[in-house]
Amino acid sequence: MSRIAYVNGRYVGHGEARVHIEDRGYQFSDGVYEVILVQNGKLIDEDAHHQRLQKSLKSLGINAPMKRGPLTQVINQLIKRNKFSNGIVYIQITRGVAPREHSFPINLKPSLVMTARRLPPKSQSAIEAGVKVITLEDIRWKRCDIKTVSLLPNILGKQKAREQGAYEAWMVDENRLITEGTSTNAWIVSSDGALVTSELGSHILSGVTRKTFIQIAAELNIPYEERQFSVEEAENSREAFFTSSTSFLTPVTEINGKVIGNGKAGSLSLSLLNSYFNYIN
Ligand code: PDD
């Protein structure tokens, strides 16, 4: 099936989609993005994604290319044209095209690009087997709450994880506390059975899936704490997992070579994931 992308007002074949070489996103990573989960043709947590997108744009002083109504129409049209019901939509807004200079003209027309793709479901056995995580130094800037396309530390971290046979890297700050994963939020179940994930702040992205899991935990009366945790606490935790729009909840069964729990997905993790499946379906 041929994929369709959206580029500045036009629906075009994925292979033919182009932006200008002086797009500031291409030259300076001067842009923001969102990844939204599509389940049964519906956008999951659309409000939260929209709010975060507005916040990212505002933080960087990038103009919104269109209002929310038309933006949602384009997203839904793209899903329809790509003929899938379970997948993801990628939305990228850059400051726009201008002669290459670090400073920028204020009323630049932003560029809007979207792609969409099917997301194959994960098997129950893959979920239960879990994945490995390594930890590495968080070398990012001090505004990780902005969802910018400037992702060099994240991609290098993820690549290092893959080269070491792990799926994700959790990043560690100067106090040896974990901030988040390279493209996910990090969670553990502490020795006293509480769910723990970092508090919000400029050191992490305010994950939409993180927020949904906090709601689910509250509904299930599972105690949770929003605080950072150390590498040592993570390595000795009862259960560990990470969350994102593309990975849902992914159990972690090894951190830095140390086996978590009995080396299989923990029961609390699996029951939270089950509730999330009910939430999105
Ligand atoms: N990543 N932290 C970082 C650094 C992320 O890049 C992401 C999302 C998350 C989880 O956010 P959410 O639950 O809203 O997806 C946390 C997306 C999926 C990506 O870059 O592809």
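The second largest cavity has a volume of about 50 Å³, where a cavity is a set of points on a 1 Å grid over the protein atoms alone at which a 1.4 Å probe fits but cannot get out, and where a volume is the space filled by probe spheres set on the points, which are joined across faces, edges and corners. The structure is a predicted model, in which local features need pLDDT of at least 70 and side-chain atom pairs count only at pLDDT 80 or more, while totals for chains, interfaces and linings use all residues. Residues are numbered from 1 along each chain as its sequence is written, and side-chain values use heavy atoms, with hydrogens and water left out.

The lining of the second largest cavity, meaning residues with an atom within 4 Å of a point, is formed by G61, I62, N63, R95, F104, P105, I106, L108 and P110. By class, this lining holds six nonpolar residues, two polar and one charged; here Ala, Val, Leu, Ile, Met, Phe, Trp, Tyr, Cys and Pro count as nonpolar, Asp, Glu, Lys and Arg as charged, and the others, Gly among them, as polar.

The count comes to two cavities of 30 Å³ or more. The largest cavity has a volume of about 80 Å³, and it is lined by E34, I36, E46, H49, H50, L53, R68, L71, T72, I75 and I91. At least two residues of this lining come from each of β3 (31-39), α2 and α3, with helices (H or I, at least four residues) and strands (E, at least two) taken as DSSP runs numbered from the N terminus. The lining of the largest cavity comprises five nonpolar, three polar and three charged residues.

Two helix pairs are compared below, with axes as lines fitted to C-alpha atoms over the stretch in contact, and angles running from 0 to 180 degrees between N-to-C directions.

| Helix pair | Angle | Axis distance |
|---|---|---|
| α2 (46-60) and α3 (68-81) | about 120° | 12 Å |
| α6 (208-219) and α8 (267-280) | roughly 105° | within 10 Å |

Helices α2 and α3 are therefore oblique to each other, whereas α6 is roughly perpendicular to α8; angles of 65 to 115 degrees count as roughly perpendicular, those under 35 as roughly parallel, those over 145 as roughly antiparallel, and the rest as oblique.

Two loop residues complete the description. P223 is found in the loop between α6 and β12 (224-226), and, not counting residues up to four places away in sequence, P223 touches G193, A194 and L195. The C-alpha atoms of P223 and V172, 51 residues apart along the chain, are separated by 24 Å. E101 is placed in the loop between β5 (87-94) and β6 (111-118); with its neighbours within four places in sequence left aside, E101 is in contact with R24 and F28. E101 and G25 are 76 residues apart in sequence, and their C-alpha atoms are 13 Å apart in space.

Conventions. 1 Å grid on protein atoms, 1.4 Å probe; cavity = no way out; pocket = protein on both sides within 12 Å on 5 of 7 lines; lining within 4 Å. Contact = heavy atoms within 4.5 Å.
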